[in-house]
Structure formats: structure tokens, C-alpha cells
Amino acid sequence: MRPEPARPEAVRSASAARSPAERRRLAAAWPEAPAAERAAIEAFLGRLWAETGCARATLAAYRSDLVLAARWLAARGGPGLLAVDRAPLYELLALRAAQGYSPRSTARLLAALRAFYADARRQGLRADDPSTLLERPGLPRGLPKVLAESEVEALLRAPDTGSPAGLGERAMLELLYATGLRVSELVGLPTLALNLRQGVLRVRGKGGKERLVPIGDEAQHWLSRYLAEARPVLARGRSLPALFLAADGEPYDRRGFWARLKALAAVAGLDPARVAPHRLRHSFATHLLNHGADLRVVQMLLGHSSLSTTQIYTHVAREGLKRLHAAHHPRG
């Protein structure tokens, strides 16, 4: 039996549950991924994008996961990513569970590994797939968390619309709640995607799929004001394709909008921990269903490829009706 290779202290001591900061500190001690493996990862990602057109966020996540796995294998001292067998990969997944990574994070890593090794087999780089029998962690199927309609109204009123940046924030929030966009879709919108005359928005979603989403009157009002009064000031004479610009005049990114949303939640008197861009998307879908919208219409607006993904919101709406019944019916 081949002896276990000696492993650095950073690997041997990593099995206990760790905070995110501790996990980053331990990972920082791992060596860089070998150049050949980085090149293989980039070649794989290039082929994945060409074949599936998957989102840039997916490519970035797969890159991060695969590079981290390659670095961990290098620190372990055994075979690298292209030559490893199943046992070290199993150990890596078990280590992440012991360190306190979420099941969803580990499931994403496994998805990246499976896609990488399937591609390696197609390219003739491996004869087998070491990820075949690795089990996907069970993911909790909780109901989406939503905000009450009154809470959304308070959040929408939070920006200072007397300033160009605040007017832009109000327009973004109104559009987010009116359309159920993902935050990546929102901050990635070009100005040309918006047609106020027809009241529609052209959205490029996951996998590069496009959909047309109608915009309500209230969102159109604030978008018109933003385009006329605020965006020219924020753009400072520059020709920028992005629809939404931050206070510094630069296009928003996901992190920047997330931070502003948390600050606006505090202004609205809401717990910032309960407010996130995706929670507004959940609220959009649930409130539509509460007011009688057809499930397939909601599926189309959200850009879900499968109706089963959208059906989770019917359970949220049903739970809300149960609470109303229990609170107000004399036999509740």
C-alpha cells in the first residue's frame, strides 16, 4: 500500500470547523496552482463558455473552485488535478463539510469538478472520471424568504431622491421590484435594453437567454426621471453604455449595489440582514401570486426554464394565506 504523502501543517490542521476568515487564512498558505493546471482550467472554461454560453458569474465561480482545489492538492503533496484519483477528492469534500462550508458551496465545487473531468475525458486528457461516485451534499429546500408589501414600500421610499445618486437608487429599486430581476441582470443592464415608450425591458439572463419583461407605470416614472435628471449628471459628459451609474459616476457592480441596499434598508427601519437583492426577487414573485397572477406568467417574467422552479413561490403564497386565516378567521 502506498504511504500517505506528508502534508503541510496548513492542510493537517484544517479539519476543525472554521470561520470564513480562518478558512481564507489557511488557504492563503497553500502554494499556487501549477501553471499547467491553471492553463487546463482556463482551456476548459473557454470550451464550456463556447458550448453552453453559461453566465460569466458561473465561469468565475468554477474558476475559483477549481483553482482552490488545485492549490489544496498541491499543498497535500500528491497528484494534481488532472492526475488525482477519487480518494483525495472525497477527502476535499469531507474537509469542506468539517470546516463549516455550506452544502450549497460544496455542491457547486462538485459541479465544477464533474464538468471539468467530463471535459477532460472528451479531450482525451483522462480515461476515467474520478468524480463519478462522489455524492452531492443534500441541500435544504426551504421556502424563499420574502418581505411584506409594507416593508417593500418603506424600502422604496428610503433613497434621497433630491440627489442624482438617490434618484438612481430609487429607479433601481422600483425596477427590481417591478420586474424581479436578478442583481447581476440589474447591474448589467445597458441603456439600450430599456424601451420606455413601449414599457418593456430586454433582459439577458442565465445562459445568455433573452426575455422581454414589462415595466409598470411607477417604475417607468422613476426611470424617466432618472434618465432626464440624474444620469446626465452622474455620467459627467461621458458616453457610458451602463444604464445605472453610482454616486462616483461609475457603473454599479453587484457588491456596490448590495452595500447600498443594506444601507437603504437601515434608513427604511428594516433589519439589513433581512434585505438582499434576491429577496426582492422572491417578494416580486410571491406578491404577484398573492394578487392572482398565473404561475406560467411568473415563470416567464423570472426567466425560469422549468415551471417546477417557479412553483416554490406557490408554497410561500399559501403560507401567507394560512397566516392571514389563522389571524383573522374566528375559527382560525
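Glutamate 185 is found in helix α9, residues 183–187; helices here are DSSP runs of H or I with at least four residues, strands are runs of E with at least two, and both are numbered from the N terminus. The model is predicted, so local features need pLDDT of at least 70 and side-chain atom pairs count only at pLDDT 80 or more, while totals for chains, interfaces and linings use all residues. Residues are numbered from 1 along each chain as its sequence is written, and side-chain values use heavy atoms, with hydrogens and water left out.

**Glutamate 185 and its partner**

Glutamate 185 counts as buried because its relative accessibility is 5%; buried means under 20% relative accessible area, exposed over 50%, and partly exposed in between, with a 1.4 Å probe and protein chains only. Leaving aside neighbours within four places in sequence, glutamate 185 is in contact with Val203, Arg204, Gly205, Lys206 and Arg211, where contact means heavy atoms within 4.5 Å. With arginine 211 the glutamate forms a salt bridge, defined as a side-chain nitrogen of Lys or Arg within 4 Å of a carboxyl oxygen of Asp or Glu. The pair links distant parts of the chain: arginine 211 lies in strand β3 (residues 210–214), 26 residues from glutamate 185 in helix α9. Arginine 211 is also buried, at 11% relative accessibility.

**Other salt bridges**

By this rule the count comes to 16 salt bridges.

| Pair | Closest N–O distance |
|---|---|
| Arginine 260 – glutamate 169 | 2.6 Å |
| Arginine 211 – glutamate 185 | 3.0 Å |
| Glutamate 229 – arginine 225 | 3.2 Å |

Arginine 260 in helix α11 (residues 254–267) and glutamate 169 in helix α8 (residues 164–179) are 91 residues apart. Arginine 260 is partly exposed, at 32%, whereas glutamate 169 is buried, at 8%. Glutamate 229 and arginine 225 both lie in helix α10, four residues apart, about one turn of the helix. Relative accessible area is 43% for glutamate 229, which is partly exposed, and 25% for arginine 225, also partly exposed. Arg47, Asp119 and Arg122 are linked in a network of salt bridges.

**Whole protein**

The protein has 15 helices and three strands. Of its 332 residues, 42% count as buried. Among contacts with a separation of 6 or more, 60% come from residues 24 or more positions apart.
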